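Have the viewer open alongside and follow along.

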Amino acid sequence: MSEAISPATLVVWGGFVLAFIFGAVANKTNFCTMGAVSDVVNMGHWGRMRMWLLTIAVAMIGANLLYYFGLIDLSKSVYQRPQLPWLSMLVGGFLFGIGMTIAAGCTNKNLVRLGGGSLRSLVVLVFLAISAYMTLKGLFGQWRSSYLDPVAIDLSAFGLATQGLPHILTKLSGLPEKTALLATLVVIGLGLLVFVFKDKRFRGNLSHVIGSIVLGLLIVAAWYLTGNIGHGENPETLETVYFATNTRTLESLSFVAPTAFSLELLMLWTDKSMRVTFGIATVIGVVLGSMAYALSTRQFRWEGFASMEDLRTQLIGAVLMGFGGVTAIGCTIGQGLSGVSTLALGSFIALTGIVGGAVATMKWQQR
């Protein structure tokens with residue numbers, strides 16, 4: 001037994017491998033939520049938006065099929081808690097959307113750019129990490145917990161154990177939970193697939209189609225990794241736990257808080273209580289995966305700030321993304337892919353805020 005690989009080790013290294021692939025594919029396909037929204041707002045082009053929506057559909061269908069067959073328990077994820085801090089999610093999402101727009105990319109995009117040689121993204125990520133950590137445990141966290149988080153709806157008061165849309169449908173309609181789950185997947189998941197593939201031009205872009213499917217499946221694989229392989233009995237306490245995750249429950253890809261935890265680990269490296277977690281491993285994996293692709297295709301280029309104004313704008317965006325991403329419990333990946341894949345009501349609220357903040361900022365920039 002002592003020679004067996006521990007579940008924590010499997011989760012950490014498995015997360016690294018999944019994120020390595022994610023970073024390489026995201027770099028190759030130019031996967032970017034902010035870019036997708038910008039293409040629609042500024043050019044009326046839906047190509048990258050369809051790519052993003054296809055990724056969501058694959059992640060949503062795959063994750064919930066795992067849940068349906070009892071392989072993971074999505075109701076244990078942070079996204080499914082019955083306490084719904086809707087104001088935090090909406091405001092946090094909106095500020096994140098503003099931040100990613102003026103910083104010309106979300107957390108994931110900056111990790112991908114860093115792998116491609118962008119020193120500008122390194123600076124953005126450091127300031128984002130500081131802001132996120134301040135929102136988790138510092139000054140910004142005091143503001144969040146005092147003014148935003150208390151404005152919440154306790155869904156348990158309405159007889160709901162989680163904020164999942166299938167559970168809400170079961171409560172409203174009386175349908176069995178599994179039937180409600182399948183019905184929700186048909187309406188949302190298949191609805192997205194129909195919208196995505198009705199465009200002939202997108203169907204012909206195999207790079208975007210295959211890339212989207214791979215990215216969606218990586219979200220699903222991460223849920224299985226932390227929620228099944230990483231779920232078991234702790235030999236020291238004999239308690240059933242989720243190994244090597246910062247939230248102490250199952251996780252999928254999300255990059256704002258893990259970027260903060262990565263910076264914390266670097267600063268407190270000699271603290272023996274610090275451990276590399278699934279989230280930290282995924283941050284490293286995305287950067288190195290993107291770097292591997294950039295080097296193999298000779299696209300690696302050192303890049304800095306264009307001007308002092310560019311520096312100022314990017315840093316403001318980084319701070320907004322750090323605060324907004326933690327407050328909304330996720331970013332364009334954490335909520336936009338992983339959270340939405342659980343069909344959590346709060347994730348759709350956060351995603352609405354992110355897109356709304358991005359669109360509003362783009363409209364303001366046009367003027």
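**Entry 1: Thr245**

I began with Thr245, which counts as buried because its relative accessibility is 8%, under the 20% cut-off. A reminder to myself: this is a predicted model. I then asked where Thr245 is placed. I found Thr245 in the loop between strand 4 (240-242) and helix 12 (256-267). Leaving aside neighbours within four places in sequence, I listed Thr226, Glu251 and Phe278 as the contacts of Thr245. I also noted that a polar atom of the Thr245 side chain lies 3.2 Å from the backbone nitrogen of Arg248.

**Entry 2: Arg248**

Is Arg248 buried or exposed? I have Arg248 down as exposed, at 72% relative accessibility. I checked its backbone too: Arg248 is not a glycine, yet its phi is positive, about 60°.

**Entry 3: Ala104**

I turned to Ala104, which also is not a glycine and has a positive phi of about 60°. Ala104 sits in the loop between helix 4 (86-102) and helix 5 (107-115). With a relative accessible area of 25%, Ala104 goes into my notes as partly exposed.

**Entry 4: Thr342**

Next I looked up Thr342, in the loop between helix 15 (334-341) and helix 16 (345-366). Thr342 is buried, and I wrote down a relative accessible area of 1%. Which residues does Thr342 contact, leaving aside its neighbours within four places in sequence? My list for Thr342 reads Asn64, Leu74, Ser77, Tyr79, Gln80 and Trp223.

**Entry 5: cysteines**

How many disulfides does a search of the whole structure find? I got 0 disulfides. Cys32 is in no disulfide, and the nearest cysteine sulfur, that of Cys106, is 5.5 Å away.

**Entry 6: nonpolar cores**

I then went to the largest nonpolar core, which has 80 residues. Phe22 and Ile333 are the ones with the most contacts inside this core. Helix 3 (residues 47-68) gives the core its largest share, 13 residues. I followed up Ile333 and, not counting residues up to four places away in sequence, found that Ile333 touches Phe22, Phe31, Asn108, Ile219, Leu253, Phe255 and Ser338.

**Entry 7: the whole chain**

Last, I stepped back to the overall picture. I count 16 helices and 4 strands in the chain. The radius of gyration is 20 Å, close to the 21 Å that the globule rule gives for 367 residues, so the chain is as compact as a globular protein of that length. I read the spans of the C-alpha trace along its principal axes as about 55 × 50 × 45 Å. Of the 367 residues, 53% count as buried. Among contacts with a separation of 6 or more, I noted that 79% join residues 24 or more positions apart. The chain exposes about 16500 Å², and carbon and sulfur atoms supply 66% of that area.

Notes
Residues numbered from 1 in each chain as written. Predicted model: local features only at pLDDT ≥ 70, side-chain atom pairs only at ≥ 80, totals over all residues. Heavy atoms only, no water. Disulfide = S-S within 2.5 Å. Core = buried A, V, L, I, M, F, W, Y, C linked by side-chain atoms within 4.5 Å. Buried < 20%, exposed > 50% of the residue type's maximum accessible area, 1.4 Å probe, protein only. Helix = DSSP H or I, 4+ residues; strand = E, 2+ residues; numbered from the N terminus. Contact = heavy atoms within 4.5 Å. Rg over C-alpha atoms; globule rule 2.2 N^0.38 Å. Areas by Shrake-Rupley, 256 points an atom, 1.4 Å probe, with all protein chains shown as cover. Polar contact = N/O pair within 3.5 Å; in protein donor to acceptor, adjacent residues only side chain to side chain.
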